Number of protein chains: 2
Amino acid sequence: MPNSPSEKALVPFVSVADMMRLVHHIGLEPLLRALTDAIEADFRRWQMFDKTPRIAAHSREGVIELMPTSDGTLYGFKYVNGHPKNMAEGLQTVTAFGLLAEVSTGYPLLLTEMTLLTALRTAATSAMAARHLAPKDARTMAMIGNGAQAEFQALAMKAVLGIDAVRLYDIDPAATAKVARNLAGRGLRVTSCRSAEAALEGAEILTTCTADKQFATILTDNMVGAGVHINAIGGDCPGKTELHRDILLRSDIFVEYPPQTRIEGEIQQLDEDHPVTELWQVIRGEAPGRRDDRQITLFDSVGFAIEDFSALRYVRDQVEGSDFYQEIDLIADPDDARDLFGMLQRAAL
Amino acid sequence: MPNSPSEKALVPFVSVADMMRLVHHIGLEPLLRALTDAIEADFRRWQMFDKTPRIAAHSREGVIELMPTSDGTLYGFKYVNGHPKNMAEGLQTVTAFGLLAEVSTGYPLLLTEMTLLTALRTAATSAMAARHLAPKDARTMAMIGNGAQAEFQALAMKAVLGIDAVRLYDIDPAATAKVARNLAGRGLRVTSCRSAEAALEGAEILTTCTADKQFATILTDNMVGAGVHINAIGGDCPGKTELHRDILLRSDIFVEYPPQTRIEGEIQQLDEDHPVTELWQVIRGEAPGRRDDRQITLFDSVGFAIEDFSALRYVRDQVEGSDFYQEIDLIADPDDARDLFGMLQRAAL
């Protein structure tokens with residue numbers, strides 16, 4: 001078999017179907033807990049990573065981004081798009097895939113779908129931030145924006161923080177009905193609300209996850225009481241925000257990687273030198289998180305490459321030795337490394 | 001079949017084996033000619049592309065790079081590594097894969113191996129530059145560095161320029177023997193030489209393609225006569241060059257994308273404002289190429305994202321409707337775009 005690829009040429013590939021099987025094998029809530037811990041472990045060694053704001057190709061309709069990082073031993077990147085108008089065409093707003101590679105050789109170790117994995121790691125990152133910032137014994141989350149991320153956010157907060165109630169609101173009642181239906185029987189008290197104000201009632205954690213590519217005001221200042229934790233996910237690219245500026249001015253703001261968040265996050269509405277705290281410093285105990293029960297904490301989440309790296313590594317560890325992947329012939333690997341041409345020639349025989 | 005992925009979830013994937021079959025189906029020289037024309041067509045519309053220097057993650061052993069670009073309709077990127085020490089471990093110095101996507105939705109259109117495709121597009125780019133810069137009626141190329149790229153370079157110059165002789169030199173005679181063996185019977189007079197000086201005798205085109213990650217001097221000033229065209233490929237990352245600085249000072253220098261070449265190319269040895277000509281301007285007739293038969297022209301090639309974009313698009317056009325690809329389940333695509341969670345839930349049934 002002159003054309004059968006060598007072992008090094010074959011890269012483990014986790015398809016969407018494989019990822020879904022893996023999630024059910026591990027269990028969604030245990031997986032969300034483990035992923036939260038995996039991301040937190042990498043935030044604790046934040047300074048070991050190469051960090052760069054993601055590389056974005058903006059168009060009128062959306063954005064395509066590459067998000068690379070490396071800890072010196074492994075290299076990971078994610079391809080991800082964000083196209084709010086996709087939904088009207090029956091397509092996902094966000095789709096993604098990613099790759100893990102070995103720094104010492106540059107050879108890929110894992111190719112995987114990341115549409116589902118991004119939803120999982122985004123929810124796990126929210127839970128990680130809330131674990132350090134939300135009021136102690138928070139039990140209720142308001143979920144404003146009931147799109148593809150909503151159920152994952154709710155279940156991560158349940159799995160990691162132990163919330164037991166979620167209050168839903170979306171401008172489209174059908175989206176709220178979808179989330180309510182999907183969360184039924186999962187151990188959460190689910191309340192569907194007719195307004196954002198109603199959804200916020202009694203909630204200690206306010207999560208916003210809406211998709212419009214514009215300066216939107218999902219929450220206005222008078223809607224937000226003292227002592228809450230805000231988990232703002234949807235404001236994640238230039239010109240796309242969710243919170244009124246006045247809320248930001250009343251909040252202590254926590255971010256992933258400031259050079260990226262200042263471009264993409266809610267804080268693009270503020271002066272460039274407005275003080276923010278890096279979440280990794282809170283996690284390491286090097287900066288204060290929540291100090292008192294009147295304080296508003298805001299996690300201005302945009303999504304950072306290290307979270308994807310943690311997720312890629314977690315998936316790789318989980319699928320190793322399993323049948324949750326197939327191998328694909330991605331890398332040319334001739335017997336004699338210099339003889340790429342000879343390999344091609346022999347393939348004609 | 002609740003879990004069978006929809007059509008949009010499936011991305012055409014061209015494996016290494018598929019790429020080799022495609023090359024033999026089209027024929028190597030016709031393919032190199034077509035690819036040269038495809039790249040040249042994109043260089044002619046240079047200003048339509050988003051351009052950025054590639055995003056490099058350097059380590060002691062090598063580099064991993066992402067090379068994105070877009071023409072506003074299609075988006076492409078390549079993952080590529082460069083690890084000179086890999087060869088000693090029986091691995092490729094350069095491996096690559098790439099993706100083409102639709103700007104309007106962000107959905108992938110093609111995933112393909114690019115180790116072979118990079119060798120092909122690099123050779124085609126050299127041929128495109130030589131078509132505009134080499135002496136008229138050049139018949140002989142010296143090939144210094146007889147690694148994985150060498151045969152492709154020689155055959156592209158034959159297919160596009162009509163050279164009929166190639167003179168080989170490598171510090172490792174086994175590498176030269178490999179190229180001589182591979183090129184036998186392909187319509188080129190092949191001469192294996194014992195020194196770089198000997199290889200240059202009578203050659204109108206001097207191609208250097210060596211791999212050491214260091215400031216090397218493959219060609220010294222006294223070795224290079226008037227009137228030749230130099231095609232310098234191996235100097236392609238910071239701290240990695242092949243030509244003595246004095247040669248650069250005697251040459252008219254042509255580059256792909258100056259902000260990248262100033263970092264990575266031979267011209268990293270020169271002042272930041274040393275004049276260079278952008279190749280696309282020559283191709284469009286907006287800047288002079290070769291002016292006289294005493295002039296030394298130097299294509300300081302580092303490889304640019306637009307060349308990969310052209311190659312990705314070419315491959316996509318060729319495989320469409322063929323069996324030179326398989327489909328892989330890379331993108332999650334629930335029936336209701338907002339119901340990613342529901343798709344996951346139904347997969348458990």
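**Salt bridges**

I started with the salt bridges and found 46 of them over all chains. I count a salt bridge where a side-chain nitrogen of Lys or Arg lies within 4 Å of a carboxyl oxygen of Asp or Glu. The model is predicted, so I note the limits: local features need pLDDT of at least 70, side-chain atom pairs count only at pLDDT 80 or more, and totals for chains, interfaces and linings use all residues. Side-chain values use heavy atoms, without hydrogens and water, residues are numbered from 1 along each chain as its sequence is written, and chains are lettered from A and ligands numbered from 1 in the order in which they are written.

I looked up Glu40(A) and found its side chain in a salt bridge with that of Arg44(A), at 3.0 Å from N to O. Both residues lie in helix 2 (residues 28-44) of chain A, four residues apart, or about one turn of the helix. Glu40(A) is buried at a relative accessible area of 8%, while Arg44(A) is partly exposed at 38%. Here buried means under 20% relative accessible area, exposed over 50%, and partly exposed in between, with a 1.4 Å probe and protein chains only.

In chain B I checked Arg45(B), whose side chain meets that of Asp42(B) in a salt bridge of 2.9 Å, N to O. Asp42(B) is buried, with a relative accessible area of 0%.

I then took the salt bridge between Glu264(B) and Arg54(B), 2.5 Å from N to O. Glu264(B) sits in helix 8 (residues 258-264) of chain B and Arg54(B) in the loop between helix 2 (28-44) and strand 2 (55-58) of chain B, so the pair ties together parts 210 residues apart in sequence. Glu264(B) counts as buried at 5% relative accessibility, and Arg54(B) counts as buried at 10%.

Salt bridges with shared partners join Asp37(A), Glu40(A), Arg44(A) and Arg131(A) into one network.

**Helix 3 of chain A**

I compared the span of helix 3 (residues 115-133) of chain A with expectation: at 1.5 Å a residue its 19 residues should span 27 Å, and its end C-alpha atoms are 27 Å apart, which agrees. The expected span is 1.5 Å times one less than the number of residues. Of the 19 residues of this helix of chain A, 17 are buried, so the helix is largely enclosed by the rest of the structure.

**The sheet of chain B**

I traced an open sheet of seven strands in chain B, in the order 2-3-4-5-6-1-17, with mixed pairing. I call two strands paired if DSSP finds at least two bridges between them. Strand 2 and strand 17 (326-329) of chain B stand at the edges with a single partner strand each, so one side of each has no neighbour in the sheet.

Strand 2 of chain B is joined to strand 3 (residues 63-70) of chain B by four bridges, and the two run antiparallel. His58(B) stands opposite Val63(B) in strand 3 of chain B.

**Relation of the chains**

I superposed chain B on chain A with a rotation of 180° and 0.0 Å of shift along its axis, at an RMSD of 0.0 Å. That is the relation of a two-fold axis.

How values were computed:
Least-squares fit on C-alpha atoms with pLDDT ≥ 70 in both.
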